[in-house]
Amino acid sequence: MLRDNGIYDVRITQVDGTLTDHYNPADKTVNLSEMCITGGGVSGSCSGPRVAGHAVQHKMAYTPPKMRSALVPAVQVCSNSSIFSAAGMLFVMVLFSTIKAL
């Protein structure tokens, strides 16, 4: 699929785990699990072409993956700060319930 679309600079590598198949545009690698490489079942044989399709989308500058990649840093900051927000809200709730009890 990669060669059919004129993509020759993307490496295919094996990664550990299940549900770990992905395309990394930063280092141009298609990372496939062992099950996908050995053809373990229907999901394994379908995942490789799906992940390679992301490399094709990257080459074509398809907009939705570009938007997703642009949002990743903001989502990481929000997900990391959500723990502190939840702890802060819990603290405020306890503080107000303590003040109300007085």
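Predicted model: local features only at pLDDT ≥ 70, side-chain atom pairs only at ≥ 80, totals over all residues.
Three strands make up an open sheet, and their order is β1-β3-β2 with mixed pairing. β1 (11-15) and β2 are the edge strands; each has a single partner, so one side of each is left without a neighbour in the sheet. From one strand to the next the twist averages 30°.

Strands of a sheet pair through backbone hydrogen bonds, in either a parallel or an antiparallel sense. Here β1 and β3 run parallel and are joined by five bridges. Within this pair, Q14 has L32 of β3 as its bridge partner. β2 and β3 (residues 29-33) are antiparallel and pair over three bridges. On that side of the sheet, H22 stands opposite N31 in β3, and Y23 stands opposite V30 in β3.

β3 is largely enclosed by the rest of the structure, because five of its five residues are buried. The cut-off for buried is under 20% relative accessible area. In a regular strand the side chains alternate between the two faces of the sheet. In β3 both faces are covered: T29, N31 and S33 are buried on one side, and V30 and L32 are buried on the other.

**The nonpolar core**

The largest nonpolar core consists of 11 residues: L2, I7, V10, Y23, V30, L32, C36, V51, A52, A55 and V56. β3 and α2 each supply at least two residues of this core. The most comes from α2, which gives four residues. V30 and L32, the buried residues on one face of β3, are both members of this core. Y23, which stands opposite V30, is a member of the core as well.

**The largest pocket**

The largest pocket holds about 350 Å³ of space. Its lining has 13 residues, and Y23, P25, P65, R68 and S69 are those that lie nearest the centre. β2 (22-24), α2 (41-59) and α3 (63-101) each supply at least two lining residues. The largest contribution to the lining is that of α3, with five residues. By type, the lining divides into six nonpolar, five polar and two charged residues.

K28 lies in the loop between β2 and β3. The hairpin of these two strands has four residues between them. K28 has a positive phi of about 50° although it is not a glycine. A61, in the loop between α2 and α3, also has a positive phi, of about 60°, and is not a glycine. P49 is found in helix α2. The C-alpha atoms of P49 and T13 are separated by 14 Å, and the two residues are 36 residues apart along the chain.

The table gives the relative accessibility of these residues.

| Residue | Relative accessibility | Class |
|---|---|---|
| K28 | 30% | partly exposed |
| A61 | 40% | partly exposed |
| P49 | 43% | partly exposed |

**Overview**

β3 is paired with β1 in the parallel sense and with β2 in the antiparallel sense, and its residues are buried on both faces.

Key
Residues numbered from 1 in each chain as written. Heavy atoms only, no water. 1 Å grid on protein atoms, 1.4 Å probe; cavity = no way out; pocket = protein on both sides within 12 Å on 5 of 7 lines; lining within 4 Å. Points joined across faces, edges and corners; volume = space filled by probe spheres on them. Nonpolar A, V, L, I, M, F, W, Y, C, P; charged D, E, K, R; others polar. Pairing = 2+ DSSP bridges. Axes fitted to C-alpha atoms, helices over the stretch in contact; angles between N-to-C directions. Core = buried A, V, L, I, M, F, W, Y, C linked by side-chain atoms within 4.5 Å. Buried < 20%, exposed > 50% of the residue type's maximum accessible area, 1.4 Å probe, protein only.
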